[in-house]
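This briefing is meant for a reader meeting the structure for the first time. Please look over the sequence and the model before going on to the points below.

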Amino acid sequence: LGIKLEELDAILLTHRHLDHGHDIVPMLEAWLDLDSPKNIGEKKLYLPTDYLDEYQLQEFSRKKIKEIIILSEKTKYKLKNLTITTSKTLIEKPHHINNLPQEFAFHIQGEKIDIGFWSQSRYVKGITNGFKPKILIFDFISDSEPYLSEQANIIKNINPELVILRHFILPMYDKQVSRLADLMQGLTNIKTIIAPEGGNLG
């Protein structure tokens, strides 16, 4: 992304699956080791409550973290000139039924920013209520059913101006991920693109 670690003001975690938060411990270790006086006492960490036990984050020194914020659903949080609003608690697919993580989507708003990040594929009536970003970064789970239809329903109900798909598993690359944007755009009638390599959205 071209962003230096010391430039980060906060880290937001959606849920504790390995592919979303497994690197949080070394990330925090590097973050806390920074000696820049500018950063001391300014960092914030936003996370679901089950992260604390899963990764033993309570063991980390908090001397350089201003605040560890335990997320709640449909709640607004202030970060400098940004407002971060959580969604309703997202619902997992049944294959995780015995170990359900707490999970949220984020809507981040500022003077020139109106972006949502959605990381789950299950559509339930009302799950998107009040979640209306102009740009939606969406974790694409699968192009097979029932995932595909449920993902399309989520996007249509949020109804952003632009959708950016990411989070592709390896078999999707064999099918050329560029076609997935065309597929989703056809299902939703909403402009859809693939997240560029490196994540720089311009």
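Predicted model: local features only at pLDDT ≥ 70, side-chain atom pairs only at ≥ 80, totals over all residues.

- The buried residues of α4 (147-158) are Leu148, Glu150, Gln151, Ala152, Ile154, Ile155 and Ile158.

**The largest nonpolar core**

- The largest nonpolar core holds 19 residues, and the members that touch the most others are Trp118, Leu136, Phe138, Ile155 and Met184.
- At least two residues of this core come from each of β8 (135-139), α4 (147-158), β9 (162-166) and α6 (178-188), and α4 supplies the largest share, with 5 residues.
- In soluble globular proteins, nonpolar side chains tend to be buried together.
- Phenylalanine 138, once its neighbours within four places in sequence are left aside, is in contact with Trp118, Gln120, Gln151, Ile154, Ile155, Val163, Ile164, Leu165 and Arg166.

**Backbone on either side of α4**

- Proline 146 lies in the loop between β8 and α4, and a cis peptide bond, with omega at about 5°, joins this proline to glutamate 145.
- Asparagine 159 follows α4 and has a positive phi, near 55°, and this residue is found in the loop that runs between α4 and β9.
- Asparagine 159 counts as exposed because its relative accessible area is 52%, where exposed means over 50%.

**A further positive phi, at lysine 80**

- Lysine 80, although it is not a glycine, has a positive phi of about 55°, and its place is the loop between β4 (76-79) and β5 (82-86).
- With a relative accessibility of 59%, lysine 80 is counted as exposed, since the cut-off for that class is over 50%.
- Most residues other than glycine have a negative phi, and most peptide bonds are trans.

Technical notes
Residues numbered from 1 in each chain as written. Heavy atoms only, no water. Core = buried A, V, L, I, M, F, W, Y, C linked by side-chain atoms within 4.5 Å. Buried < 20%, exposed > 50% of the residue type's maximum accessible area, 1.4 Å probe, protein only. Helix = DSSP H or I, 4+ residues; strand = E, 2+ residues; numbered from the N terminus. Contact = heavy atoms within 4.5 Å.
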